[in-house]
Amino acid sequence: MILLGVPVLAGAFLLVEAGLEHIRAPKALAQAAGTGVAAARAIAVVEFVIGVPSVAAVVFGTPELRWALAAQAVMYGAFAAHLSWRRYRGDESDCGCNSMGAQVGPGGIARAVVLAAATVAATTLYPAAALPGGAIAVLLIACAAVVAILLYTLPAAVDGRAA
């Protein structure tokens with residue numbers, strides 16, 4: 001079950017990174033989400049506020065932070081639904097995922113669905129998905145960081161860059 005912690009931790013890392021990016025530059029998210037800059041900043045703060053305790057929940061196995069994993073699952077599920085709705089409408093402009101500027105497409109949708117499903121499983125099985133202590137935890141955190149980098153670039157690589 002600890003291997004479930006790697007994709008969930010990678011998803012938490014993505015939320016932290018996205019939150020920081022969107023706080024710094026909220027206009028791309030505002031345009032992608034169809035909101036104003038203030039709402040985009042609020043979304044960014046929520047991403048960050050959910051991402052940080054999710055990282056702690058997986059790394060430290062803190063039962064009080066299980067709520068963050070549930071919130072992370074909801075965030076990714078809602079994002080998958082939002083991207084699917086936009087794609088259904090034929091809107092393949094910038095997904096607002098990150099500063100790379102990826103188009104809305106199957107790569108971004110699949111990433112959000114898989115991360116939502118993994119996080120639901122981790123929340124259900126918690127604390128079994130928490131990382132163990134010691135040297136293996138360092139290795140698993142490094143693996144999660146690599147997976148997060150790959151997932152960060154996935155939408156742009158699969159769906160193309162937004163024009």
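Helix H1 passes helix H3 in a left-handed crossing. A crossing counts as left-handed if the near helix is turned anticlockwise from the far one by less than a right angle, and as right-handed if clockwise. H1 covers residues 5–24, and its axis lies 7 Å from that of H3, at an angle of about 150°. Axes here are lines fitted to C-alpha atoms, for helices over the stretch in contact, and angles run from 0 to 180 degrees between N-to-C directions. H1 and H3 are therefore roughly antiparallel to each other. The angle classes are roughly parallel under 35 degrees, roughly antiparallel over 145, roughly perpendicular from 65 to 115, and oblique for the rest.

On the H1 side, the residues that meet H3 include Val8, Ala12, Leu15 and Ile23. On the H3 side they include Ala44, Ile50, Ser54 and Val59. Contact means heavy atoms within 4.5 Å. By class, the contact of H1 with H3 divides into 17 nonpolar, five polar and two charged residues. Ala, Val, Leu, Ile, Met, Phe, Trp, Tyr, Cys and Pro count as nonpolar, Asp, Glu, Lys and Arg as charged, and the others, Gly among them, as polar.

The model is predicted; local features need pLDDT of at least 70, side-chain atom pairs count only at pLDDT 80 or more, and totals for chains, interfaces and linings use all residues. Residues are numbered from 1 along each chain as its sequence is written, and side-chain values use heavy atoms, with hydrogens and water left out.

The chain as a whole has six helices and zero strands. Helices (H or I, at least four residues) and strands (E, at least two) are DSSP runs, numbered from the N terminus. Along the sequence the pattern reads α-α-α-α-α-α. The C-alpha atoms fill a box of roughly 45 × 30 × 25 Å, taken along the principal axes. For 163 residues, a compact globule would have a radius of gyration near 15 Å, and the value of 15 Å for the chain agrees. This radius is taken over C-alpha atoms, and the globule rule is 2.2 Å times the number of residues to the power 0.38. Of the 163 residues, 45% count as buried. Buried means under 20% relative accessible area, exposed over 50%, and partly exposed in between (1.4 Å probe, protein chains only). Among contacts between residues at least 6 apart in sequence, 73% join residues at least 24 apart.

H3 also packs against H4. H3 spans residues 37–60 and H4 residues 66–88; their axes come within 8 Å and cross at roughly 130°. That makes H3 oblique to H4. The crossing of H3 and H4 is left-handed. Val46, Ile50, Pro53 and Ala57 are among the H3 residues in the contact, and Trp67, Leu69, Gln72 and Met75 are among those of H4. Eleven nonpolar, two polar and one charged residues make up this contact by class.

H4 in turn packs with H5, which holds residues 106–125. The two axes are 8 Å apart, at an angle of about 155°. H4 and H5 are therefore roughly antiparallel to each other. Their crossing is left-handed. From H4, the contact includes Leu69, Gln72, Ala73, Tyr76 and Phe79. From H5, it includes Ile109, Ala112, Leu115 and Thr119. The residues of this contact comprise 14 nonpolar, seven polar and three charged.

Glutamine 72 is found in H4. It counts as buried because its relative accessibility is 0%. Leaving aside residues up to four places away in sequence, glutamine 72 touches Val8, Gly11, Ala12, Leu15, Ile50, Ser54 and Thr119.

Alanine 118 lies in H5. With 12% relative accessibility, alanine 118 counts as buried. Its C-alpha atom is separated by 8.0 Å from that of alanine 73, 45 residues apart along the chain. Beyond residues up to four places away in sequence, alanine 118 touches Leu4 and Val8.

Leucine 151 has its place in H6, residues 135–159. Leucine 151 counts as buried, at 17% relative accessibility. Apart from neighbours within four places in sequence, leucine 151 is in contact with Ala10, Leu14, Arg111 and Leu115. Leucine 151 and isoleucine 23 are 128 residues apart in sequence and 20 Å apart in space, C-alpha to C-alpha.
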